[in-house]
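This report describes the strand pairing and the pockets of one protein model. The sequence and structure are shown first.

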Amino acid sequence: MERVPKKTARKGLKKRWIALILLLLLLAAGGGVLWARRAVLPPVPERAEQPMLLDRETEDVAAVAVEPREGLSYPLVRTENGFRLLGRESLPLRSDVVDEIIGVASSLQAEGTVADTGRETVSLADFGLEPAVVRAVITYRDGYKKELRIGEMTPEETPMRYCMIGGDPVIYEVLAVHTDVFFHELEYLREFAQPSIRGDLLDRIEVSGDVTFSADYTPSGWIMTAPYRYPLSTLRTDSLLSSIESMAFEACLGTEEEVNLVDYGLDQPTLTVTLTQAKTVITGETQSGEQVSLDVPESRMTLLLGRETGKSGVYLWWDHAVYKASNFLLGFWKTLNVEDLLLRNPVNLLVNDLNRVSFTCGGQTRVYEVRMVETVTENNQIATDEYGRILYDAQVQRSGDAQPMDAAEFLNWYQRLAALTPDGRLPEGKSAPGGEPRTVIRLENDSLTREIAFYPYDALHSAMAVDGVCRFYVSNDALDALSAAP
(Lines give C-alpha, C1' and ligand atoms only; values in the text may rest on other atoms or scores of the structure.)
Protein backbone atom coordinates (compact mmCIF):
# COMPACT_ATOMS: atom_id res chain seq x y z
CA MET A 1 0.00 0.00 0.00
CA GLU A 2 1.33 3.38 -1.04
CA ARG A 3 1.47 6.18 1.45
CA VAL A 4 -0.76 9.17 0.72
CA PRO A 5 1.25 12.41 0.86
CA LYS A 6 0.11 14.88 3.46
CA LYS A 7 -1.00 18.40 2.44
CA THR A 8 1.16 21.19 3.71
CA ALA A 9 -0.84 23.17 6.22
CA ARG A 10 -1.18 26.98 5.47
CA LYS A 11 0.09 29.12 8.31
CA GLY A 12 -2.41 31.45 9.90
CA LEU A 13 -2.04 35.30 9.68
CA LYS A 14 -0.52 36.92 12.66
CA LYS A 15 -2.53 39.49 14.53
CA ARG A 16 -0.24 42.42 13.67
CA TRP A 17 -0.62 41.83 9.95
CA ILE A 18 -4.40 41.71 10.35
CA ALA A 19 -4.28 45.05 12.13
CA LEU A 20 -2.15 46.58 9.38
CA ILE A 21 -4.56 45.43 6.65
CA LEU A 22 -7.51 46.87 8.54
CA LEU A 23 -5.67 50.19 8.91
CA LEU A 24 -4.96 50.34 5.17
CA LEU A 25 -8.61 49.61 4.40
CA LEU A 26 -9.68 52.41 6.70
CA LEU A 27 -7.22 54.84 5.11
CA ALA A 28 -8.44 53.88 1.63
CA ALA A 29 -12.01 54.41 2.69
CA GLY A 30 -11.13 57.75 4.23
CA GLY A 31 -9.25 58.75 1.08
CA GLY A 32 -12.28 57.92 -0.99
CA VAL A 33 -14.42 60.12 1.21
CA LEU A 34 -11.86 62.91 1.00
CA TRP A 35 -11.70 62.61 -2.81
CA ALA A 36 -15.45 62.71 -2.95
CA ARG A 37 -15.47 65.82 -0.81
CA ARG A 38 -12.89 67.49 -3.04
CA ALA A 39 -14.91 66.72 -6.09
CA VAL A 40 -17.86 68.69 -4.81
CA LEU A 41 -15.90 71.73 -3.49
CA PRO A 42 -16.84 74.96 -5.29
CA PRO A 43 -14.17 76.38 -7.71
CA VAL A 44 -11.85 79.15 -6.47
CA PRO A 45 -13.28 82.44 -7.67
CA GLU A 46 -11.17 84.30 -10.23
CA ARG A 47 -9.74 87.68 -9.32
CA ALA A 48 -12.24 90.38 -10.07
CA GLU A 49 -11.29 92.60 -13.01
CA GLN A 50 -10.01 95.97 -11.83
CA PRO A 51 -12.06 99.01 -12.82
CA MET A 52 -11.31 101.29 -15.76
CA LEU A 53 -10.45 104.68 -14.29
CA LEU A 54 -10.63 106.37 -17.69
CA ASP A 55 -12.67 104.79 -20.46
CA ARG A 56 -13.51 106.90 -23.49
CA GLU A 57 -12.61 106.97 -27.19
CA THR A 58 -9.51 108.98 -28.07
CA GLU A 59 -11.66 111.09 -30.40
CA ASP A 60 -13.69 112.17 -27.36
CA VAL A 61 -10.73 113.91 -25.69
CA ALA A 62 -10.94 117.65 -26.22
CA ALA A 63 -8.26 118.93 -23.84
CA VAL A 64 -5.76 117.76 -21.23
CA ALA A 65 -4.37 120.14 -18.60
CA VAL A 66 -1.25 118.80 -16.87
CA GLU A 67 -0.25 120.37 -13.54
CA PRO A 68 2.95 118.98 -11.98
CA ARG A 69 3.71 119.65 -8.33
CA GLU A 70 7.04 121.10 -9.48
CA GLY A 71 7.46 122.72 -12.86
CA LEU A 72 5.28 124.50 -15.38
CA SER A 73 1.70 123.51 -16.09
CA TYR A 74 0.52 123.21 -19.66
CA PRO A 75 -2.86 122.78 -21.37
CA LEU A 76 -3.21 120.68 -24.53
CA VAL A 77 -6.25 121.53 -26.65
CA ARG A 78 -7.63 119.94 -29.79
CA THR A 79 -7.52 122.21 -32.85
CA GLU A 80 -8.05 121.77 -36.57
CA ASN A 81 -4.36 120.95 -36.83
CA GLY A 82 -4.35 118.41 -34.02
CA PHE A 83 -3.45 119.04 -30.40
CA ARG A 84 -1.59 122.22 -29.61
CA LEU A 85 -0.45 124.11 -26.51
CA LEU A 86 -3.02 126.72 -25.54
CA GLY A 87 -1.59 130.15 -26.31
CA ARG A 88 1.26 128.66 -28.37
CA GLU A 89 -0.73 127.02 -31.13
CA SER A 90 1.96 127.71 -33.74
CA LEU A 91 4.56 125.65 -31.87
CA PRO A 92 4.94 122.17 -33.44
CA LEU A 93 4.66 119.31 -30.93
CA ARG A 94 6.05 115.79 -30.89
CA SER A 95 3.23 113.65 -32.22
CA ASP A 96 4.43 110.48 -30.44
CA VAL A 97 4.34 112.16 -27.02
CA VAL A 98 0.99 113.85 -27.64
CA ASP A 99 -0.55 110.59 -28.86
CA GLU A 100 0.64 108.85 -25.69
CA ILE A 101 -0.91 111.54 -23.47
CA ILE A 102 -4.24 111.34 -25.30
CA GLY A 103 -4.11 107.54 -25.20
CA VAL A 104 -3.81 107.48 -21.39
CA ALA A 105 -6.42 110.25 -21.05
CA SER A 106 -8.91 108.03 -22.86
CA SER A 107 -8.05 104.65 -21.34
CA LEU A 108 -6.49 103.87 -17.96
CA GLN A 109 -7.11 100.74 -15.88
CA ALA A 110 -6.34 100.19 -12.21
CA GLU A 111 -4.12 97.30 -11.19
CA GLY A 112 -5.26 97.12 -7.59
CA THR A 113 -7.04 98.86 -4.72
CA VAL A 114 -5.11 100.29 -1.77
CA ALA A 115 -7.65 101.98 0.47
CA ASP A 116 -11.15 103.48 0.55
CA THR A 117 -10.87 106.94 2.10
CA GLY A 118 -14.65 107.01 2.57
CA ARG A 119 -14.51 104.09 5.01
CA GLU A 120 -11.11 104.46 6.65
CA THR A 121 -8.96 107.34 7.74
CA VAL A 122 -5.75 107.66 5.75
CA SER A 123 -3.35 110.49 5.01
CA LEU A 124 -3.33 111.25 1.30
CA ALA A 125 0.03 112.99 1.75
CA ASP A 126 1.57 109.61 2.61
CA PHE A 127 0.70 108.45 -0.89
CA GLY A 128 1.84 111.64 -2.63
CA LEU A 129 -1.77 112.52 -3.44
CA GLU A 130 -2.19 115.67 -1.35
CA PRO A 131 -0.85 117.57 -3.07
CA ALA A 132 -0.57 115.22 -6.02
CA VAL A 133 2.80 114.74 -7.67
CA VAL A 134 0.99 115.34 -10.96
CA ARG A 135 -2.60 116.38 -11.53
CA ALA A 136 -4.25 116.05 -14.95
CA VAL A 137 -7.70 117.36 -15.83
CA ILE A 138 -9.21 115.77 -18.92
CA THR A 139 -12.03 117.51 -20.77
CA TYR A 140 -14.12 115.51 -23.24
CA ARG A 141 -16.05 116.84 -26.19
CA ASP A 142 -19.36 116.52 -24.41
CA GLY A 143 -18.09 118.87 -21.67
CA TYR A 144 -17.58 116.12 -19.08
CA LYS A 145 -14.37 116.46 -17.04
CA LYS A 146 -12.30 113.99 -15.08
CA GLU A 147 -9.52 114.71 -12.65
CA LEU A 148 -6.60 112.28 -12.48
CA ARG A 149 -4.35 112.54 -9.43
CA ILE A 150 -1.03 110.68 -9.62
CA GLY A 151 1.06 110.09 -6.50
CA GLU A 152 4.28 108.41 -5.41
CA MET A 153 5.65 105.04 -6.42
CA THR A 154 4.29 101.99 -4.60
CA PRO A 155 6.64 99.54 -2.82
CA GLU A 156 5.71 96.67 -5.17
CA GLU A 157 8.39 95.09 -7.34
CA THR A 158 6.43 95.99 -10.46
CA PRO A 159 6.75 99.79 -10.94
CA MET A 160 3.36 101.28 -10.04
CA ARG A 161 2.02 104.55 -8.67
CA TYR A 162 -0.81 105.52 -6.37
CA CYS A 163 -3.69 107.15 -8.17
CA MET A 164 -7.12 108.66 -7.54
CA ILE A 165 -9.96 109.91 -9.70
CA GLY A 166 -11.76 113.09 -8.69
CA GLY A 167 -15.01 112.24 -6.87
CA ASP A 168 -13.89 108.65 -6.16
CA PRO A 169 -12.71 108.00 -2.55
CA VAL A 170 -10.66 104.92 -3.51
CA ILE A 171 -6.86 104.95 -3.81
CA TYR A 172 -5.79 102.73 -6.68
CA GLU A 173 -2.54 101.37 -8.05
CA VAL A 174 -1.73 101.93 -11.72
CA LEU A 175 1.25 100.82 -13.78
CA ALA A 176 3.90 103.55 -13.80
CA VAL A 177 4.57 102.98 -17.51
CA HIS A 178 1.06 104.30 -18.24
CA THR A 179 1.48 107.50 -16.21
CA ASP A 180 5.12 108.36 -16.95
CA VAL A 181 4.06 110.49 -19.89
CA PHE A 182 2.55 113.04 -17.49
CA PHE A 183 5.93 113.51 -15.78
CA HIS A 184 7.59 115.02 -18.83
CA GLU A 185 8.32 118.71 -18.57
CA LEU A 186 6.71 121.17 -20.94
CA GLU A 187 9.82 121.41 -23.12
CA TYR A 188 9.68 117.68 -23.76
CA LEU A 189 6.61 118.17 -25.97
CA ARG A 190 8.34 120.55 -28.38
CA GLU A 191 9.14 119.03 -31.77
CA PHE A 192 12.78 119.01 -32.85
CA ALA A 193 15.13 117.11 -35.15
CA GLN A 194 17.68 114.77 -33.62
CA PRO A 195 21.30 115.14 -34.84
CA SER A 196 22.16 113.03 -37.86
CA ILE A 197 25.87 112.23 -38.01
CA ARG A 198 27.67 109.52 -39.94
CA GLY A 199 30.87 108.42 -38.29
CA ASP A 200 32.27 107.03 -41.53
CA LEU A 201 32.10 110.53 -43.06
CA LEU A 202 33.84 112.39 -40.23
CA ASP A 203 37.23 113.83 -41.20
CA ARG A 204 38.11 115.71 -38.02
CA ILE A 205 37.11 115.85 -34.34
CA GLU A 206 38.07 118.82 -32.14
CA VAL A 207 37.37 119.19 -28.40
CA SER A 208 38.39 122.18 -26.27
CA GLY A 209 37.64 123.33 -22.75
CA ASP A 210 37.95 120.91 -19.82
CA VAL A 211 39.31 118.36 -22.33
CA THR A 212 41.77 119.09 -25.14
CA PHE A 213 41.64 116.69 -28.06
CA SER A 214 41.76 116.77 -31.84
CA ALA A 215 42.12 113.99 -34.38
CA ASP A 216 42.23 113.71 -38.16
CA TYR A 217 41.18 110.84 -40.37
CA THR A 218 43.76 109.44 -42.79
CA PRO A 219 43.52 106.52 -45.20
CA SER A 220 45.71 104.59 -42.73
CA GLY A 221 43.61 105.36 -39.65
CA TRP A 222 42.91 108.20 -37.22
CA ILE A 223 45.81 110.34 -35.99
CA MET A 224 45.54 112.44 -32.82
CA THR A 225 46.98 115.93 -33.37
CA ALA A 226 46.35 117.44 -29.91
CA PRO A 227 47.44 117.48 -27.14
CA TYR A 228 50.25 115.73 -29.06
CA ARG A 229 50.56 113.74 -32.27
CA TYR A 230 49.99 110.00 -31.94
CA PRO A 231 48.17 107.27 -33.91
CA LEU A 232 44.87 106.12 -32.43
CA SER A 233 43.47 102.65 -31.89
CA THR A 234 41.02 101.66 -34.62
CA LEU A 235 38.85 99.71 -32.19
CA ARG A 236 38.63 102.51 -29.62
CA THR A 237 38.14 105.20 -32.26
CA ASP A 238 35.31 103.19 -33.80
CA SER A 239 33.70 103.08 -30.35
CA LEU A 240 33.97 106.88 -30.09
CA LEU A 241 32.47 107.31 -33.56
CA SER A 242 29.63 104.98 -32.59
CA SER A 243 28.91 107.15 -29.54
CA ILE A 244 28.90 110.26 -31.74
CA GLU A 245 26.44 108.64 -34.15
CA SER A 246 24.20 107.68 -31.19
CA MET A 247 23.97 111.20 -29.77
CA ALA A 248 20.34 112.08 -29.05
CA PHE A 249 18.68 114.93 -27.20
CA GLU A 250 15.85 114.71 -24.68
CA ALA A 251 14.14 118.04 -25.17
CA CYS A 252 14.47 121.34 -27.01
CA LEU A 253 14.30 124.34 -24.68
CA GLY A 254 14.17 126.90 -27.48
CA THR A 255 16.26 128.72 -30.03
CA GLU A 256 19.13 130.94 -28.94
CA GLU A 257 16.83 133.94 -29.52
CA GLU A 258 14.17 132.50 -27.18
CA VAL A 259 16.39 131.55 -24.22
CA ASN A 260 19.32 133.03 -22.33
CA LEU A 261 22.53 130.99 -22.77
CA VAL A 262 23.78 132.22 -19.38
CA ASP A 263 20.97 130.34 -17.61
CA TYR A 264 22.36 127.04 -18.89
CA GLY A 265 26.09 127.68 -18.55
CA LEU A 266 26.44 127.92 -22.33
CA ASP A 267 27.96 131.40 -22.39
CA GLN A 268 31.12 129.74 -21.03
CA PRO A 269 30.73 126.09 -22.03
CA THR A 270 32.71 123.37 -20.29
CA LEU A 271 33.35 121.74 -23.65
CA THR A 272 33.25 122.86 -27.27
CA VAL A 273 33.08 120.04 -29.80
CA THR A 274 33.54 120.66 -33.53
CA LEU A 275 32.88 117.85 -35.99
CA THR A 276 33.93 118.11 -39.63
CA GLN A 277 32.04 115.89 -42.03
CA ALA A 278 33.57 115.19 -45.42
CA LYS A 279 31.81 116.08 -48.63
CA THR A 280 29.92 113.18 -50.11
CA VAL A 281 27.50 112.21 -52.84
CA ILE A 282 24.00 110.94 -52.10
CA THR A 283 22.57 108.68 -54.78
CA GLY A 284 19.02 107.49 -55.21
CA GLU A 285 16.28 106.56 -57.60
CA THR A 286 13.20 108.56 -58.58
CA GLN A 287 9.71 107.06 -58.83
CA SER A 288 10.22 106.77 -62.58
CA GLY A 289 13.37 104.68 -62.04
CA GLU A 290 15.84 107.41 -62.93
CA GLN A 291 19.17 107.34 -61.06
CA VAL A 292 20.00 110.70 -59.47
CA SER A 293 22.85 111.96 -57.30
CA LEU A 294 23.32 114.98 -55.06
CA ASP A 295 26.63 116.50 -54.01
CA VAL A 296 26.75 117.29 -50.28
CA PRO A 297 29.55 119.74 -49.43
CA GLU A 298 31.84 119.50 -46.42
CA SER A 299 30.10 120.63 -43.23
CA ARG A 300 31.18 121.67 -39.75
CA MET A 301 28.95 121.02 -36.75
CA THR A 302 29.47 122.57 -33.31
CA LEU A 303 28.25 121.24 -29.96
CA LEU A 304 28.54 123.23 -26.72
CA LEU A 305 28.13 121.50 -23.36
CA GLY A 306 26.97 123.64 -20.46
CA ARG A 307 26.15 122.90 -16.84
CA GLU A 308 24.49 119.82 -15.42
CA THR A 309 20.70 119.71 -15.29
CA GLY A 310 20.77 118.22 -11.80
CA LYS A 311 18.96 115.10 -13.02
CA SER A 312 21.80 113.10 -14.59
CA GLY A 313 21.70 115.31 -17.66
CA VAL A 314 23.42 118.23 -19.31
CA TYR A 315 22.39 121.37 -21.14
CA LEU A 316 23.83 121.87 -24.61
CA TRP A 317 23.80 124.10 -27.68
CA TRP A 318 23.44 122.62 -31.14
CA ASP A 319 22.50 124.22 -34.44
CA HIS A 320 21.40 127.54 -32.90
CA ALA A 321 19.11 125.98 -30.28
CA VAL A 322 19.41 124.91 -26.63
CA TYR A 323 18.65 121.35 -25.61
CA LYS A 324 19.02 119.07 -22.67
CA ALA A 325 20.20 115.49 -22.91
CA SER A 326 20.98 112.59 -20.62
CA ASN A 327 24.55 111.85 -19.60
CA PHE A 328 23.89 108.30 -20.78
CA LEU A 329 24.00 109.53 -24.39
CA LEU A 330 26.16 112.67 -24.10
CA GLY A 331 28.31 112.04 -21.04
CA PHE A 332 31.05 110.33 -23.04
CA TRP A 333 32.39 113.76 -24.04
CA LYS A 334 32.99 114.70 -20.39
CA THR A 335 34.73 111.40 -19.58
CA LEU A 336 36.86 111.38 -22.74
CA ASN A 337 40.39 110.23 -21.87
CA VAL A 338 42.80 110.67 -24.76
CA GLU A 339 45.29 108.20 -23.25
CA ASP A 340 42.71 105.42 -23.62
CA LEU A 341 42.47 106.07 -27.37
CA LEU A 342 46.18 105.62 -28.12
CA LEU A 343 47.31 102.88 -30.47
CA ARG A 344 49.25 100.20 -28.58
CA ASN A 345 50.53 98.22 -31.57
CA PRO A 346 51.98 100.95 -33.83
CA VAL A 347 52.99 98.50 -36.57
CA ASN A 348 49.37 98.22 -37.64
CA LEU A 349 49.51 99.01 -41.37
CA LEU A 350 48.25 96.26 -43.62
CA VAL A 351 50.73 94.84 -46.10
CA ASN A 352 48.71 96.17 -49.04
CA ASP A 353 49.02 99.64 -47.43
CA LEU A 354 52.83 99.50 -47.27
CA ASN A 355 55.41 101.01 -49.61
CA ARG A 356 58.55 100.59 -47.57
CA VAL A 357 59.74 99.13 -44.26
CA SER A 358 63.15 99.89 -42.79
CA PHE A 359 64.56 98.16 -39.71
CA THR A 360 67.63 99.38 -37.82
CA CYS A 361 69.15 97.23 -35.10
CA GLY A 362 72.73 96.66 -33.92
CA GLY A 363 74.09 99.31 -36.24
CA GLN A 364 72.63 97.66 -39.36
CA THR A 365 69.68 98.87 -41.43
CA ARG A 366 67.62 96.77 -43.79
CA VAL A 367 65.09 98.29 -46.17
CA TYR A 368 62.24 96.37 -47.80
CA GLU A 369 60.32 97.76 -50.77
CA VAL A 370 56.80 96.34 -50.85
CA ARG A 371 54.33 96.43 -53.72
CA MET A 372 51.28 94.48 -54.72
CA VAL A 373 51.29 92.63 -58.06
CA GLU A 374 48.53 90.74 -59.82
CA THR A 375 48.37 87.04 -59.04
CA VAL A 376 49.09 85.00 -62.18
CA THR A 377 47.72 81.49 -62.66
CA GLU A 378 49.61 78.54 -64.17
CA ASN A 379 48.08 79.47 -67.51
CA ASN A 380 49.55 82.98 -67.29
CA GLN A 381 46.11 84.43 -66.63
CA ILE A 382 45.36 87.11 -64.05
CA ALA A 383 43.63 85.41 -61.10
CA THR A 384 40.29 86.70 -59.84
CA ASP A 385 37.93 85.74 -57.03
CA GLU A 386 34.38 84.50 -57.42
CA TYR A 387 33.16 88.07 -57.91
CA GLY A 388 35.65 88.81 -60.68
CA ARG A 389 37.91 90.99 -58.53
CA ILE A 390 41.63 90.77 -59.27
CA LEU A 391 43.75 88.95 -56.68
CA TYR A 392 47.12 90.37 -55.65
CA ASP A 393 50.31 89.03 -54.10
CA ALA A 394 52.93 90.94 -52.12
CA GLN A 395 56.30 91.37 -53.82
CA VAL A 396 59.19 92.35 -51.52
CA GLN A 397 62.52 93.70 -52.71
CA ARG A 398 65.25 93.86 -50.08
CA SER A 399 67.79 96.67 -50.50
CA GLY A 400 70.98 95.45 -52.16
CA ASP A 401 69.34 92.36 -53.69
CA ALA A 402 68.97 91.96 -57.43
CA GLN A 403 65.85 89.81 -57.19
CA PRO A 404 62.72 89.94 -55.02
CA MET A 405 63.04 87.91 -51.82
CA ASP A 406 60.76 85.18 -50.55
CA ALA A 407 57.64 87.15 -49.62
CA ALA A 408 56.53 84.52 -47.09
CA GLU A 409 59.72 85.02 -45.10
CA PHE A 410 59.12 88.78 -44.93
CA LEU A 411 55.43 88.41 -44.12
CA ASN A 412 56.14 86.07 -41.20
CA TRP A 413 58.61 88.58 -39.77
CA TYR A 414 56.26 91.54 -40.37
CA GLN A 415 53.50 89.65 -38.59
CA ARG A 416 55.73 89.45 -35.50
CA LEU A 417 56.33 93.21 -35.77
CA ALA A 418 52.58 93.80 -35.86
CA ALA A 419 52.13 91.69 -32.71
CA LEU A 420 54.51 93.87 -30.68
CA THR A 421 52.53 95.52 -27.87
CA PRO A 422 53.64 97.46 -24.77
CA ASP A 423 54.16 95.88 -21.38
CA GLY A 424 53.03 99.03 -19.60
CA ARG A 425 52.54 102.78 -19.62
CA LEU A 426 55.33 105.19 -18.79
CA PRO A 427 54.83 107.30 -15.64
CA GLU A 428 52.95 110.56 -16.14
CA GLY A 429 55.28 113.36 -17.17
CA LYS A 430 58.09 111.02 -18.20
CA SER A 431 60.13 112.74 -20.94
CA ALA A 432 61.48 111.02 -23.99
CA PRO A 433 64.73 109.15 -23.23
CA GLY A 434 67.92 110.60 -24.64
CA GLY A 435 70.77 108.94 -26.44
CA GLU A 436 70.71 106.62 -29.40
CA PRO A 437 67.78 104.21 -29.89
CA ARG A 438 68.59 100.51 -29.80
CA THR A 439 66.01 99.68 -32.49
CA VAL A 440 64.14 101.78 -35.06
CA ILE A 441 61.25 100.70 -37.30
CA ARG A 442 60.12 103.02 -40.09
CA LEU A 443 56.89 102.46 -42.04
CA GLU A 444 56.05 104.40 -45.20
CA ASN A 445 53.07 104.54 -47.54
CA ASP A 446 51.40 107.13 -49.76
CA SER A 447 49.85 109.07 -46.85
CA LEU A 448 52.28 108.84 -43.92
CA THR A 449 55.71 108.00 -42.56
CA ARG A 450 55.75 106.51 -39.07
CA GLU A 451 58.91 106.04 -37.03
CA ILE A 452 58.90 103.75 -33.98
CA ALA A 453 62.08 104.02 -31.94
CA PHE A 454 63.01 102.04 -28.82
CA TYR A 455 65.30 103.61 -26.19
CA PRO A 456 66.91 102.01 -23.12
CA TYR A 457 64.58 102.49 -20.13
CA ASP A 458 65.60 100.05 -17.41
CA ALA A 459 67.39 96.72 -17.18
CA LEU A 460 64.43 94.80 -18.63
CA HIS A 461 62.53 97.29 -20.78
CA SER A 462 62.84 99.84 -23.55
CA ALA A 463 60.75 102.99 -23.95
CA MET A 464 58.76 103.10 -27.19
CA ALA A 465 58.60 106.43 -29.03
CA VAL A 466 56.11 106.79 -31.87
CA ASP A 467 57.00 109.77 -34.05
CA GLY A 468 59.01 111.12 -31.14
CA VAL A 469 56.32 110.70 -28.44
CA CYS A 470 56.94 108.19 -25.62
CA ARG A 471 53.93 106.78 -23.79
CA PHE A 472 54.67 103.06 -23.35
CA TYR A 473 57.51 100.62 -22.71
CA VAL A 474 58.15 97.10 -24.05
CA SER A 475 60.25 94.21 -22.84
CA ASN A 476 63.75 93.79 -24.20
CA ASP A 477 63.07 90.11 -24.79
CA ALA A 478 60.26 91.01 -27.23
CA LEU A 479 62.60 93.35 -29.12
CA ASP A 480 65.40 90.79 -29.22
CA ALA A 481 63.01 88.28 -30.82
CA LEU A 482 62.58 90.72 -33.75
CA SER A 483 66.24 91.49 -34.26
CA ALA A 484 66.75 88.58 -36.69
CA ALA A 485 65.24 90.43 -39.65
CA PRO A 486 65.14 88.43 -42.92
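## The eight-stranded sheet

The model is predicted. In it, 8 strands make up an open sheet, and their order is β4-β3-β2-β7-β8-β9-β10-β6. Pairing in this sheet is antiparallel. The edge positions are held by β4 (82-85) and β6 (112-116). Each of these two has a single partner strand, so one side of each is left without a neighbour in the sheet. From one strand to the next, the twist averages 25 degrees.

Within the sheet, strand β2 covers residues 61-68 and strand β7 covers residues 134-140. These two pair in the antiparallel sense, with 7 bridges. One point of reference in this pairing is valine 64, which stands opposite isoleucine 138 in β7. Helix α2, formed by residues 95-106, lies across β2, β3 (74-79), β4 and β7. The helix runs at about 100 degrees to β2.

Strand β16 spans residues 271-277. Of its 7 residues, 6 are buried, so the strand is largely enclosed by the rest of the structure.

β16 pairs with strand β11 (residues 202-209) in the antiparallel sense, over 7 bridges. In that pairing leucine 202 stands opposite glutamine 277 of β16. β16 is also joined by 7 bridges to strand β19 (residues 299-308), again in antiparallel fashion. Here valine 273 has leucine 303 in β19 as its bridge partner.

Strand β17 is made of residues 280-285 and strand β18 of residues 291-296. The two are antiparallel and share 6 bridges. Glutamate 285 has glutamine 291 in β18 as its bridge partner.

The hairpin has 5 residues between the strands. Glycine 289 takes a positive phi there, near 90 degrees.

## The largest pocket

The volume of the largest pocket is about 540 Å³. Its lining consists of 25 residues, and those nearest the centre are Glu70, Phe183, His184, Glu185 and Lys311. By class, the lining contains 12 nonpolar, 6 polar and 7 charged residues.

Strands β2 and β21 (321-326) each contribute at least two residues to this lining. The largest share comes from β21, with 3 residues.

Arg236, Ser239, Leu240 and Ser243 are among its lining residues, as are Phe332, Thr335, Leu336, Asn337, Asp340 and Leu341. The lining divides into 4 nonpolar, 4 polar and 2 charged residues.

Helices α4 (234-245) and α6 (338-341) each provide at least two of the lining residues. α4 makes the largest contribution, with 4 residues.

Notes: Residues are numbered from 1 along each chain as its sequence is written. This is a predicted model: local features need pLDDT of at least 70, side-chain atom pairs count only at pLDDT 80 or more; totals for chains, interfaces and linings use all residues. Side-chain values use heavy atoms; hydrogens and water are left out. Two strands pair if DSSP finds at least two bridges between them. Axes are lines fitted to C-alpha atoms, for helices over the stretch in contact, and angles run from 0 to 180 degrees between N-to-C directions. Contact means heavy atoms within 4.5 Å. Buried means under 20% relative accessible area, exposed over 50%, partly exposed in between (1.4 Å probe, protein chains only). On a 1 Å grid over the protein atoms alone, a cavity is a set of points where a 1.4 Å probe fits but cannot get out, and a pocket is an open set with protein on both sides within 12 Å along at least five of seven lines; lining residues have an atom within 4 Å of a point. Grid points are joined across faces, edges and corners, and a volume is the space filled by probe spheres set on the points. Ala, Val, Leu, Ile, Met, Phe, Trp, Tyr, Cys and Pro count as nonpolar, Asp, Glu, Lys and Arg as charged, and the others, Gly among them, as polar.
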